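Here is a brief report on one protein chain. Keep the sequence and the 3D view open while reading.

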Amino acid sequence: MVTVSSRENDQRIERRKSTAGTAPPARKNAVAVYIPDCSDGVNVTTVNTTSKPCVFLAGGDAAGLPFADTFFLWVSESPPRWQQVVTAGVTPPALTGSAISLAPDAQTVYIFGGLDSTSTPTSDVYAFSLRGFSDFTEA
């Protein structure tokens with residue numbers, strides 16, 4: 001564990017080397033967003049269950065080839081567990097360098113733009129519903 005301290009705060013940063021599940025391939029220029037309350041397909045703000053935080057990871061590239069995959073990293077598990085997201089319907093193309101945001105109601109993840117497989121900038125917006133972890137829609 002590496003500790004970073006200042007006079008005003010004390011933060012602890014830990015680099016975890018081991019994870020469960022099948023990790024995504026190494027990449028750069030991916031986007032990720034922390035989701036404080038998700039639980040295996042249902043956002044826990046709608047059900048009476050314990051919060052289960054995760055990180056949503058999408059896109060990125062290796063050797064100039066963009067990825068079209070998405071993953072969850074269940075950070076509260078020990079060790080943290082990777083889960084590839086298998087989606088139905090519309091899915092974003094392989095993108096690198098996109099922007100990502102979690103909606104204020106914590107029910108939808110938005111992915112905007114990026115470079116496609118031909119390095120062409122895009123302005124498409126995709127919405128991923130956190131209810132059921134199965135649907136992207138083109139917004």
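Asp69 is buried, with a relative accessible area of 12%. Buried means under 20% relative accessible area, exposed over 50%, and partly exposed in between (1.4 Å probe, protein chains only). The model is predicted: local features need pLDDT of at least 70, side-chain atom pairs count only at pLDDT 80 or more, and totals for chains, interfaces and linings use all residues. Residues are numbered from 1 along each chain as its sequence is written, and side-chain values use heavy atoms, with hydrogens and water left out.

What does the side chain of Asp69 meet in a salt bridge? The partner is Arg27, at 2.7 Å, N to O. A salt bridge here is a side-chain nitrogen of Lys or Arg within 4 Å of a carboxyl oxygen of Asp or Glu. The pair links distant parts of the chain, 42 residues apart. Arg27 sits in the loop between strand S2 (10–13) and S3. Asp69 sits in the loop between strand S6 (65–66) and S7.

The structure holds 4 salt bridges in total. One of them joins Lys52 to Glu77, with the closest N and O atoms 3.1 Å apart. Lys52 lies in the loop between S3 and S4, and Glu77 in the loop between S7 and strand S8 (81–84), so the pair ties together parts that are 25 residues apart in sequence. Lys52 is buried, at a relative accessible area of 15%.

Glu77 also forms a salt bridge with Arg81, where the closest N and O atoms are 2.9 Å apart. Arg81 is partly exposed, with a relative accessible area of 23%. Shared partners join Lys52, Glu77 and Arg81 into one network.

## Strand layout

The protein chain has 0 helices and 13 strands. Both terms are DSSP runs, numbered from the N terminus: helices are H or I with at least four residues, strands are E with at least two. Buried residues make up 35% of the 139 residues in the chain.

S3 and S4 run antiparallel, joined by 5 bridges. Two strands count as paired if DSSP finds at least two bridges between them. Phe71 stands opposite Gln84 in S8. A hairpin joins S7 to S8 through 6 residues.

## Which way the side chains point

S3 alternates. Val31, Val33 and Ile35 point to one face and are buried.

S7 is mostly covered, with 5 of its 5 residues buried. Thr70, Phe72 and Trp74 point one way. Phe71 and Leu73 point the other way.

## The nonpolar core

Which residues have the most contacts inside the largest nonpolar core? They are Ile35, Phe56, Phe72, Val109 and Phe128, in a core of 16 residues. Strands S3 (31–35), S4 (54–58), S7 (70–74), S11 (108–115) and S12 (121–129) each supply at least two residues of this core. A nonpolar core is a set of buried Ala, Val, Leu, Ile, Met, Phe, Trp, Tyr and Cys residues joined through side-chain atoms within 4.5 Å. In soluble globular proteins, nonpolar side chains tend to be buried together.

## A buried cysteine

Is Cys38 buried or exposed? Cys38 is buried, with a relative accessible area of 1%. Its place is in the loop between S3 and S4. Cys38 and Gln107 are 69 residues apart in sequence, yet 8.9 Å apart in space, C-alpha to C-alpha.

A search of the whole structure finds 1 cavity of 30 Å³ or more. A cavity is a set of points, on a 1 Å grid over the protein atoms alone, where a 1.4 Å probe fits but cannot get out; lining residues have an atom within 4 Å of a point. The largest cavity holds about 100 Å³ of space, a volume being the space filled by probe spheres set on the points.

Its lining has 16 residues, of which Ala58, Gly59, Pro92, Leu95 and Ile111 lie nearest the centre. The lining divides into 9 nonpolar, 6 polar and 1 charged. Ala, Val, Leu, Ile, Met, Phe, Trp, Tyr, Cys and Pro count as nonpolar, Asp, Glu, Lys and Arg as charged, and the others, Gly among them, as polar.

How values were computed: 1 Å grid on protein atoms, 1.4 Å probe; cavity = no way out; pocket = protein on both sides within 12 Å on 5 of 7 lines; lining within 4 Å.
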